[in-house]
Amino acid sequence: LDARKKQAFRIAARIADVLTGVPVIGAGSRPSMAQERGRKEAEMWSDKFIRTQASKLDETCHNDRTEQQRHFAFFSGAERMMQFLESAYHYEDSIPPYSEAAPGQALAPETEADQAQRQADLFLSEIFAHSRRRMEEEDRKDKERRAKVDPEQIDMDDPDVAVPLTGENHLKEVFMRETWRSEEEGVKVKCFVAPDPPKQFRTHQHFFLSGGFVSPSFPLAALLRAIYSVLLVPSADVFRELVISQLREPVVQVRLIGLVERCGSYVDCNVAAKLLRVMCIVLRSDPHQSVVEDRPHLVGCYSFANFACSCLRSLLGLLAPLGTGYILTVQQQVLCKEAIRLLKQLVTTAARMDLSGVPSAIRAECVEMGYERMLDPLTVQAVFLSMVYDMQADLGSQHGQYISERFVRSVLGRRELHSLVSEVLAAVIWGCPRRRYEVLGLFNRYAVLGRHKFTASYLPDLVGRVDVLRLQSALQDLLRERTGDQSEHILQCAYVELPVEQQGWRLSLRAPGTGPRMFVVTNKRLLILARGRHGHLSKPCGICPQESFCPVAPEIEREMDLKDLTRIVVGADSQLFILAWKKYSRQNEICGEHYDYVICHRCDVRNALLDALSWLSGPSSESRVEPICDTLVADTVHRRMAARLLCVSFAMRVLTNGEERLSLFVLSEAELCEFEVRFEHWLVPHEIINHFDDAGDPGEVDIIDGDGHHLAGERRRRRPNEFSVRKERTEGELLLGSSVASHGQADLPQLTDGHSDRGHRQRHRPSRTLWDHVDHDELLQVLEDRDRAMRNTDAWILDQDDAHHVAALGPVCLGFRLHGGHHPGSGGGAAGGGGGEARDNDAVRARVMNERRKLIFQLLAKEPVWRLKRIEFLGGDKPSLRIAFKKKGSETLSTMVDIRFFDDAARESWRRGLALALHKGSAVGQWQRDWDGS
């Protein structure tokens, strides 16, 4: 079989279809042509589509897919397909590549990927040597200080003055530092000649090349899709872990980069973007992982950071015009976004390198060295320009001042870019202080010298993200000092709102706090910090940096043990999630569940919190609490709205008297509504629908809310022949055999070397977490208590036979409906005695659900889209939006809706949603933009 022929592409594409879950073509269907397969293969992946295909399989196809994934993972299917594709590129003298040559053997010319990987390994050695050298210096200085005759004698050093981070102060200081430079030293922000794209960024998506050969981009795209399907929707977790361990091998990474480079173009079939998406999963540290100890993992991070940075540096010339004279193609935009997505994951992983026993100051120096190596100035400038390009395109630089269909499709294609860029820039400002003024200087050059328009709330939002990172580092040191446990690490830290606050009685002379709450997840526990307050002062002194907690340290209001976590329910929007905990009676017996309703300030932080909580809820995948989707709020929103939903967000409604109230704002194609959510009437969902974070960009026809999450009204229901993640793992273990099911990796030594085997074994049990010292009997007791709490809550609601009592019920659980109608935990006899009891239980649940659906929402405002008169994106430090509606039959304004969002990304999401609503739902004419300098 020739790797350059179309038969090879057909086979590679079919392998990817089987691993993904695409069904076989029926007998009466017309077989697709190779060119048709090529057009489908050239598109960027949709996570939602891949998961949907896998969930639609019947039991026979599901078992076959599990068997095929088993062969692909346990017999190195990715490496075999790579070797087959490499057969099209033979070396003339059969000289092995640089990374595979034996000692003393002739070497092929070292490729750029080989050089990057070798330099990354040397750089890691340099970082570890620097940490040891600095610790020796600190020990020597400490001994000299102790040996001094006069204990009060000190060395007069000049420490750096810590300046509080505020957007206005930074802009003024950067303006004084940067504006004296000549024009030759500045950045040219105007371009009147369309740039010429580099060769590797030109699109040549021709299926056939000269000589009847198929373009190498198509079979490579099929290989990457096969790998991605096992990583995204594995039939068993062991398959995913095996593929990750194989792809972390340095030789495999070099070969993958070589295959992409040999395609001639990075954007054909989105091969470079697809490789970056795959490596984003492979190189991502586990949510529970506080320290990265695997050296090949870190080497791969720096190696692929070099590849992502090279892509961004090559795009720098295309981003410089900012949409004037040249507009990025869809493939170039996708590549830019995937490169920034990978950099976001890599900076997080690099900050967790294993530096055990190293003081925090020396650790900060090592992290700064890593960031300087990973993100050079040109890469930082390219990341910044991608954000400016997105802003200028949203303001109409590419499509004029009118809201047209072309503009709507353009803004929908750049989803997620805003948050990704903010995370990368915040990490650079926090982790690399020497680059701080370089980043902030870019704002000065483009906003002042280039006269480009920025949203006024973006820089304060960026500074807020930096403050969270600095507070997380300072809070970690404070917790270690209080508890004496040096192994406790903060995994996630975020500002949240708790609509239903659980406060205990305590006597305190302090005034109540007014600041936001902080939600802290460590590798040992979950903390909720009290609202910020500063003793006798109403605000910080302004001299001390924010991470010093001036003038009082943070107060821990509640501390929860993750062993008591029973469920994680995810809202239909991008901010809300609910945590269910075991509820104990006065006799210290488990009597049900109580709930914490959490609304995240930032739209992009919820998924990280959910991953960390889920991974820390159990030592293995069988014992973890998987996030499930909420159905009551989602279904109620869908029933209340008259058209397809566009945006769903929690935000603050600014009233005319200056006060604010927390509300749920919903935008559809026909109307805008404001609801008050009454969480006391909320119900745990009856139907299990696993929640997934879709990394892909949905198309226009798939949009349901502002961030691509699908509501229950349009979500496909689970059929009896579909399988949850937990059932898929069970059947996968059955197919793997008893030895694999009991040990998890019996055949692993046959697949990889000893180093990768050790790394894979460490991933199956979380290290340095609350489960380290939990034995098997204690784990069984935790799982039994968890099931008892869920059963008690379900039994309590089922005992309520009178429909008139439904309105007076507290938060209850509707239970989990299993296939066949059996009640969970009720045993084989009681629930399985007949279908009459199950039907009665379903009737009770349906009646309670209908009653709660009437009570959970209170409508506060409702305005049709066709009455929209003006939309103002208010300037200032806070992301605010003002929507004006006119009276019916008149041009005068009747209603002004002022909304303050919690972060700038949420307002940008509403900017896109309003553009789509105006394009589809407005009948008053074509809308246009106008810049009001006031």
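Strand 1 (residues 490-497) and strand 2 (residues 517-522) pair in the antiparallel sense over 6 bridges, where two strands pair if DSSP finds at least two bridges between them. Strands, like helices, are DSSP runs numbered from the N terminus: helices are H or I with at least four residues, and strands are E with at least two. Within this pair, Ala-494 has Phe-519 of strand 2 as its bridge partner. The model is predicted: local features need pLDDT of at least 70 and side-chain atom pairs count only at pLDDT 80 or more, while totals for chains, interfaces and linings use all residues. Residues are numbered from 1 along each chain as its sequence is written, and side-chain values use heavy atoms, with hydrogens and water left out.

An open sheet of 8 strands has the order 4-3-2-1-7-6-5-8, with mixed pairing. Its edge strands are strand 4 (556-560) and strand 8 (628-629), each of which pairs on one side only.

## Helices on the sheet

Helix 19 (residues 458-483) lies across strand 1, strand 2, strand 3 (526-529) and strand 4, and runs at about 115° to strand 1. Such angles run from 0 to 180 degrees between N-to-C directions, and axes are lines fitted to C-alpha atoms, for helices over the stretch in contact. Helix 20 (residues 606-616) also packs on the sheet, where it touches strand 1, strand 2, strand 3, strand 5 (565-570), strand 6 (576-584) and strand 7 (590-600); contact means heavy atoms within 4.5 Å. The direction of helix 20 makes about 40° with that of strand 2.

## The hairpin of strands 15 and 16

Strand 15 (residues 868-874) and strand 16 run antiparallel and are joined by 6 bridges. Arg-870 has Ala-884 in strand 16 as its bridge partner. The two strands form a hairpin with 5 residues between them, and Gly-876 in the turn has a positive phi of about 135°.

Strand 16 (residues 880-886) is largely enclosed by the rest of the structure, because 6 of its 7 residues are buried. Buried means under 20% relative accessible area, exposed means over 50%, and partly exposed lies in between (1.4 Å probe, protein chains only).

## Helix packing

Helix 11 (residues 271-282) and helix 12 (residues 295-319) pack at an angle of about 155°, with their axes 11 Å apart. The two helices are therefore roughly antiparallel to each other (angles under 35 degrees count as roughly parallel, over 145 as roughly antiparallel, 65 to 115 as roughly perpendicular and the rest as oblique). On the side of helix 11, the contact is made by Ala-272, Leu-275, Leu-276, Met-279 and Val-282; helix 12 contributes His-297, Phe-304, Phe-307 and Ala-308.

In helix 5 (residues 77-86), the buried residues are Gly-77, Ala-78, Met-81, Met-82, Leu-85 and Glu-86. Their cover includes helix 1 (6-20), helix 4 (59-74), helix 8 (217-232) and helix 10.

Glu-671 is found in strand 11 (residues 671-677) and is buried, with a relative accessible area of 7%. A polar atom of the Glu-671 side chain lies 2.8 Å from the backbone nitrogen of Ala-642. Not counting residues up to four places away in sequence, Glu-671 touches Arg-640, Met-641, Ala-642, Val-666, Lys-862, Glu-863, Pro-864 and Val-865.

Asp-47 lies in helix 3 (residues 47-55) and is buried at a relative accessible area of 2%. The side chain of Asp-47 makes a polar contact with the side chain of Tyr-228 (2.8 Å). A polar contact is a pair of N or O atoms within 3.5 Å; within protein, one must be able to donate a hydrogen and the other to accept it, and residues adjacent in sequence count only if both atoms are side-chain atoms.

Most residues other than glycine have a negative phi. Asn-270, although not a glycine, has a positive phi of about 55°. Asn-270 is in the loop between helix 10 (250-261) and helix 11, and is buried with a relative accessible area of 6%. Asn-588, also a residue other than glycine, has a positive phi near 60°. Asn-588 is in the loop between strand 6 and strand 7, and counts as exposed at 60% relative accessibility.

Arg-791, in helix 25 (residues 776-798), is partly exposed, with a relative accessible area of 28%. Arg-791 and Glu-593 are 198 residues apart in sequence and 9.8 Å apart in space, C-alpha to C-alpha.
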